[in-house]
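Here is a friendly walk through one protein model, meant to be read with the structure open beside you.

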Amino acid sequence: MNAFKKRTAIRIAAVSIALASLASPVAWYVEKENAEEGIVSLAIEESGRLLHHYDAINLSGPNTVEHAKSAAQTISGGLFDIAEIYNHAGQKLAESLTSEGEAVESYLAAHGQPNYSQASYESLKLPGNRWVLRVFVPLRGSNNTITGYFEGVRVVPAWQHRQILYSSLTVALMVCLAALLCGTALYPVVVHLSTDNARKAREVLDSHISMMEALGRAIAKRDSDTGAHNYRVAWIAAFIAERIKSGPSGREMQGLIAGSFLHDVGKIGIPDAILLKPGKLDDAELAIMRTHVSQGEQIVKGMGWLDGAHEVVAAHHEKWDGSGYPRQLQGEEIPLSARIFAVADVFDALCSKRPYKEPMDFDEAMDILEQGRASHFDPSVMDIFRPLAAGIFQKLANISEADAHDLLKERIRQHFEMQ
């Protein structure tokens with residue numbers, strides 16, 4: 001199992017367990033409440049039949065008390081252990097208790113004369129692990145007016161108590177199992193969708209990188225270069241940035257790599273007569289050449305994923321002491337990615353063979369870079385680069401364009417999340 005699948009499995013399992021932990025107690029409570037309400041509803045219904053049978057609903061006739069007592073005695077021997085009947089004024093007409101009712105009566109809170117219009121009940125836990133349901137029911141005559149009140153107490157027997165608990169527990173376990181099974185069923189779906197999305201993201205990223213490379217090759221062709229410089233300098237810049245504490249990461253690192261690769265993209269807009277002139281440029285030509293920075297900004301700006309390249313493209317000719325162009329930025333006004341690139345670019349240019357020069361040896365190149373410390377280059381970046389330089393020099397010595405491409409591809413895979 002790869003890291004993504006393991007991470008997905010852990011997260012889905014955690015969510016499923018959390019849902020099961022939350023839903024199961026709720027399901028248990030709801031089922032228990034439903035069972036209580038079922039018992040109460042049945043008791044009220046059966047008691048109502050008995051009250052009608054004994055003519056104990058209309059509590060205003062001459063034999064009212066006798067009817068109420070007969071009904072109370074019958075009811076207390078059935079679904080209730082205590083049965084009390086009151087007239088419409090709240091005066092108790094009859095009360096009957098079973099032995100179970102007598103045992104719990106002293107624990108029940110006393111109340112005043114009944115005066116309610118809706119049926120209700122209480123669920124009470126009493127000493128001795130006894131559980132009782134206390135019911136309050138208004139009695140209504142044929143014209144729906146309240147003619148009296150019935151109050152009953154049922155001591156829930158142990159077997160029924162166990163039945164309710166088992167039923168509630170069963171429902172809770174089923175909900176828990178359903179949550180876990182849902183998580184199990186969702187896992188392959190999520191993995192499949194994520195894999196498909198990752199594949200599509202890689203395809204999009206591959207097309208973006210191909211576009212970046214195409215632009216880089218176009219720049220190289222116009223500048224009579226092989227294009228290996230773009231690969232090397234982007235790799236060097238990423239290599240340096242990886243060693244800087246709190247340095248570029250995520251999209252910033254992506255912007256550094258893309259910007260380093262496309263730093264001279266604006267040269268596409270420079271006329272050949274100036275770009276390819278073998279001799280020194282005059283002031284007017286130099287001014288035109290320097291417009292490649294602003295032209296490069298226009299090319300990469302607003303291009304979505306290439307937006308991050310803007311910092312390097314816009315500031316790759318700025319210098320630490322403010323003597324660069326086009327904005328004469330100074331010190332930390334220059335974006336960090338551009339400061340990193342400046343060191344990588346000059347080092348690679350010095351150490352590489354060009355049509356007009358041979359490569360410098362390592363010590364000579366480093367001497368020139370050290371001379372530019374605090375004038376051209378950020379001293380803190382130089383401090384990071386200095387111990388890395390020899391290894392970079394050895395790795396890139398006489399490297400082919402294809403090998404440089406492969407080196408950069410490793411950095412792209414790491415920082416563009418293509419693992």
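The report below covers a strand and its partners, some salt bridges and one aspartate.

## About the model

Please keep in mind that this is a predicted model.

Let's begin with strand S1, residues 82-87. Six of its six residues are buried, so the strand is largely enclosed by the rest of the structure. If you look at the side chains, Ile82, Glu84 and Tyr86 point one way, while Ala83, Ile85 and Asn87 point the other way. Both sets are buried.

S1 runs antiparallel to strand S2 (residues 92-97), and five bridges join the two. Glu84, for instance, has Glu95 of S2 as its bridge partner. The two strands make a hairpin with four residues between them, and in the turn you will find Gly90, with a positive phi of about 90°.

S1 also pairs with strand S5 (residues 146-155), again in the antiparallel sense, over six bridges. Here Asn87 has Gly148 of S5 as its bridge partner.

## Salt bridges

The structure holds 13 salt bridges. One of them joins Asp378 and Arg339, with 2.7 Å from N to O. Asp378 sits in the loop between helix H12 (362-371) and helix H13 (379-396), whereas Arg339 belongs to helix H11, so this pair ties together parts that are 39 residues apart in sequence. Are these two partners buried or exposed? Asp378 has a relative accessibility of 3%, under the 20% cut-off, so it counts as buried. Arg339 counts as buried too, at 11%.

Another salt bridge links Glu242 with Arg243, where the closest N and O atoms are 3.0 Å apart. Glu242 is partly exposed, with a relative accessible area of 26%, and Arg243 is partly exposed at 37%.

Glu370 and Arg373 meet in a salt bridge as well, at 3.1 Å from N to O. Through salt bridges that share partners, Glu370, Arg373, Asp383 and Arg386 are joined into one network.

## Asp345 in helix H11

Our last stop is Asp345, which is found in helix H11 (residues 336-351). Asp345 has a relative accessible area of 17%, so it counts as buried, the cut-off being under 20%. Which residues does Asp345 contact, leaving aside its neighbours within four places in sequence? They are His229, Val233 and His263.

Note on methods. Residues numbered from 1 in each chain as written. Predicted model: local features only at pLDDT ≥ 70, side-chain atom pairs only at ≥ 80, totals over all residues. Heavy atoms only, no water. Buried < 20%, exposed > 50% of the residue type's maximum accessible area, 1.4 Å probe, protein only. Contact = heavy atoms within 4.5 Å. Pairing = 2+ DSSP bridges. Salt bridge = Lys/Arg side-chain N within 4 Å of Asp/Glu carboxyl O.
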